Amino acid sequence: MSRGVLVLLGSGETAPGMTKVHREVLAPITALNAVNLDTAYGFQLNVPQMSEKLEEYFKISLQTTLTTLHFSSYDKASELERTLFQQQVRQANYVFAGPGSPTYALTQWSPLHFGDDLLEVLESGGTLCFASAAALTLGAFTAPVYEVYKVGVEEPQWRDGLNVLAALGLNCVVIPHFDNNEGGNYDTRFCYLGEKRLLELESQLPEGVATLGVDEHTALILDLSNDTISVKGRSNGYWRLGGETTVLANATTTSLDALRTLVPAHPRPAASVPIPATSR
């Protein structure tokens with residue numbers, strides 16, 4: 001059984017309001033070896049600037065040295081570079097990954113069987129902190145957010161995820177930015193998918209696969225030693241299964257087993273479920 005900590009951030013990984021959460025997560029770690037994975041934003045032209053921003057935030061706001069491990073392309077990396085990258089990840093006791101494109105990250109990570117490396121960190125008692133785009137990769141499947149919202153996909157379909165959460169007994173997909181409202185007069189909730197597209201995607205999920213939602217500027221902290229999930233930050237988490245939603249309320253702690261064993265009272269295909277309004 002894994003005994004580390006898995007943190008899922010809905011957004012705002014470098015926002016002032018999340019600093020308290022980061023400090024709480026980092027505090028128990030001794031002899032800290034913290035690394036940042038640049039893969040999810042590795043396709044962008046500002047990779048050095050993105051890494052520098054993250055490193056600076058950890059240094060100034062958290063008094064923590066964060067070392068970026070550069071791995072932006074599986075195909076362009078040599079076998080030695082791939083091996084060294086995986087070794088460095090396994091040797092770390094705090095692994096951060098955040099903004100970018102989840103499907104781009106999966107294209108680079110999946111051939112490495114990278115989920116095994118991340119599980120090794122957890123099994124060694126380390127901490128994974130995956131935010132925004134990176135958080136999407138940890139479930140059984142991953143929503144192609146960039147392709148839907150930026151490129152345009154007529155019939156969106158899931159991509160295979162790293163499925164790290166399955167090893168924790170959670171058969172689910174992860175959707176950050178759950179309460180996003182940047183669209184103003186149109187629906188950008190559920191990581192910019194909107195409810196209509198989320199329901200279309202949920203209807204494609206195999207029976208028993210849930211949706212784990214995380215509001216923006218919110219952290220779901222999975223403490224694997226205690227087998228619990230705690231909600232910190234600004235808002236809530238959500239466990240959607242069979243068209244029903246269980247709210248993981250802010251400032252609460254829930255047994256992970258409660259999610260593993262949750263069965264909808266009236267199993268049915270995914271349907272529209274109102275999400276409680278969050279204070280802004």
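Helix 1 (residues 19–26) and helix 2 (residues 47–62) pack against each other at an angle of about 80°, and their axes are 11 Å apart. That makes the two helices roughly perpendicular, a label used for angles of 65 to 115 degrees, with under 35 degrees counting as roughly parallel, over 145 as roughly antiparallel and the rest as oblique. On the helix 1 side the contact is made by T19, H22, R23 and L26, and on the helix 2 side by Y57, F58, S61 and L62. Contact here means heavy atoms within 4.5 Å. Sorted by type, the residues of this contact are four nonpolar, three polar and one charged; Ala, Val, Leu, Ile, Met, Phe, Trp, Tyr, Cys and Pro count as nonpolar, Asp, Glu, Lys and Arg as charged, and the others, Gly among them, as polar.

A word on where this comes from: the model is predicted, so local features need pLDDT of at least 70 and side-chain atom pairs count only at pLDDT 80 or more, while totals for chains, interfaces and linings use all residues. Residues are numbered from 1 along each chain as its sequence is written, and side-chain values use heavy atoms, with hydrogens and water left out. Helices (H or I, at least four residues) and strands (E, at least two) are DSSP runs, numbered from the N terminus. Axes are lines fitted to C-alpha atoms, for helices over the stretch in contact, and angles run from 0 to 180 degrees between N-to-C directions.

Back to helix 2, and to Y57, which lies in it. Y57 is buried, at a relative accessible area of 9%; buried means under 20%, exposed over 50% and partly exposed in between, with a 1.4 Å probe and protein chains only. Leaving out residues up to four places away in sequence, Y57 touches E13, T14, A15, M18, T19, H22 and L62. The C-alpha atoms of Y57 and T19 are separated by 9.3 Å, although the two residues are 38 apart along the chain.

Another helix pair is helix 3 (residues 79–91) with helix 5, whose axes come within 8 Å and cross at roughly 25°. These two are therefore roughly parallel to each other. F85, Q86, V89 and R90 of helix 3 meet F114, D116, D117, L118, E120 and V121 of helix 5. That contact divides into five nonpolar, one polar and four charged residues.

How buried is strand 5? Five of its five residues are buried, with T127, C129 and A131 on one side and L128 and F130 on the other. In a regular strand the side chains alternate between the two faces of the sheet.

| Strands | Sense | Bridges | Residues opposite each other |
|---|---|---|---|
| 4 and 5 | parallel | four bridges | A97 and F130 |
| 11 and 14 | antiparallel | three bridges | I229 and T254 |
| 9 and 12 | antiparallel | four bridges | V214 and G237 |

E216 sits in the loop between strand 9 (210–214) and strand 10 (218–223). It is buried, with a relative accessible area of 7%. What does its side chain meet? The E216 side chain makes a polar contact of 2.8 Å with the side chain of H177, and a polar contact of 2.8 Å joins it to the side chain of N180. A polar contact is a pair of N or O atoms within 3.5 Å; within protein, one must be able to donate a hydrogen and the other to accept it, and residues adjacent in sequence count only if both atoms are side-chain atoms.

Finally, helix 4 (residues 102–109) is largely enclosed by the rest of the structure, because six of its eight residues are buried. Those buried residues are P102, T103, A105, L106, Q108 and W109.

Conventions. Pairing = 2+ DSSP bridges.
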